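This report describes selected features of the structure shown below.

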Amino acid sequence: MFIPPKSDVCIKELFRNETVLRYFVSAVLAVPPESICTIRMKNTFLWRSHRKQKQGILDVLEIHILELHKKLEEDGEMEEWIRFFRAESEEDLNMQETKNPGILEAIREVRTMSLSRRMRLRYEAHMKQVRDERAWKTYEREEARKEGFAEGRTEGLAEGRTEGLAEGRAEGRTETFSRIIGHMIGQQVSDQEIIRLSGCSEEELEEVKKNIKLP
């Protein structure tokens, strides 16, 4: 089994090697490795009490980002490190053309780790954790989507029932109102009296007269 250099398990082991770390920092900061006196690693991640808790990160003074997917157009030290971290197989390591002592030491370390049963087990456990976390996040997104859909459907149905009931009641009132006015018209009640008793307007009375059939 080949353990990719960019994996968390591999990087943590690589940076425990003083030579690898010194030359890597030298490339990142663009300073001679001889000018680096000491390097001290600090854990910037805060302990999580449970899996769902967000990972806390301590403040750092400066951040350097290594873009592994960018197009390499130069052959500087930083580009050599990027090519190294891009390696996905033993063949990729064999294709590394470098004289950088830090990268050469890192290649040796990766090969040693890939042969180590302990490191393979750690890498497999790490990848299982990564897959489990991805599966859990996918599950949470799916459950949230279902919950949102259910809530939206429930709200839609409730709103539809409310609107339908209101419309039905309004139509029912209008129909009853028209029948009452029509009945008074049939009894030859005067227009002024119909308006007074029903509270309708002259326009509404005329509209009802148009829609009813007088005997």
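## Nonpolar cores

The largest nonpolar core has 25 residues, and Leu 14, Trp 81, Phe 84 and Val 110 touch the most other members. A nonpolar core is here a set of buried Ala, Val, Leu, Ile, Met, Phe, Trp, Tyr and Cys residues joined through side-chain atoms within 4.5 Å; buried means under 20% relative accessible area, exposed over 50%, and partly exposed in between, with a 1.4 Å probe and protein chains only. Two or more residues of this core come from each of the elements H1, H2, H3, H5 and H6. These labels follow DSSP runs numbered from the N terminus, with helices (H or I) of at least four residues and strands (E) of at least two.

A second, separate core comprises 7 residues, among them Met 184, Ile 194, Cys 200 and Leu 205. Contact denotes heavy atoms within 4.5 Å.

## Basis of the model

The model is predicted: local features need pLDDT of at least 70 and side-chain atom pairs count only at pLDDT 80 or more, whereas totals for chains, interfaces and linings use all residues. Residues are numbered from 1 along each chain as its sequence is written, and side-chain values use heavy atoms, with hydrogens and water left out.

## Aromatic pairs

The whole structure contains 6 aromatic pairs. Rings of Phe, Tyr and Trp (its six-membered ring) pair if their centres lie within 6.5 Å; planes under 30 degrees apart count as stacked, over 60 as edge-to-face and the rest as tilted. Phe 24 and Trp 81 form an edge-to-face pair, at 5.3 Å centre to centre and with 85° between the planes. Because Phe 24 lies in helix H2 and Trp 81 in helix H3, this pair ties together parts that are 57 residues apart in sequence.

Both Phe 24 and Trp 81 are buried. They belong to one aromatic cluster together with Phe 15, Phe 84 and Phe 85.

## Helix H2

Helix H2 has 12 residues (18–29) and should span 16 Å at 1.5 Å a residue; its end C-alpha atoms are 16 Å apart, which agrees. The expected span is 1.5 Å times one less than the number of residues. At the start of H2, a side-chain oxygen of Asn 17 reaches to within 2.9 Å of the backbone nitrogen of Thr 19. After H2 comes Ala 30, with a positive phi near 55°.

The buried residues of H2 are Val 20, Leu 21, Arg 22, Phe 24, Val 25, Ser 26 and Ala 27. Their cover includes helix H1 (8–14), helix H3 (77–85) and helix H5 (101–115). Ser 26 has a relative accessible area of 2% and is therefore buried. Neighbours within four places in sequence aside, Ser 26 is in contact with Val 31, Pro 32, Pro 33, Ile 36 and Glu 77.

## Tyr 123 and the cysteines

Tyr 123 lies in helix H6 (residues 117–186) and counts as buried because its relative accessible area is 12%. Leaving aside neighbours within four places in sequence, Tyr 123 is in contact with Met 1, Phe 2, Ile 3, Pro 4, Ser 7 and Val 9. Tyr 123 and Cys 10 are 113 residues apart in sequence and 7.9 Å apart in space, C-alpha to C-alpha.

Cys 10 is buried, at 0% relative accessibility, whereas Cys 37 is exposed, at 68% relative accessible area. The whole structure has 0 disulfides (pairs of cysteine sulfur atoms within 2.5 Å).

Conventions. A polar contact is a pair of N or O atoms within 3.5 Å; within protein, one must be able to donate a hydrogen and the other to accept it, and residues adjacent in sequence count only if both atoms are side-chain atoms.
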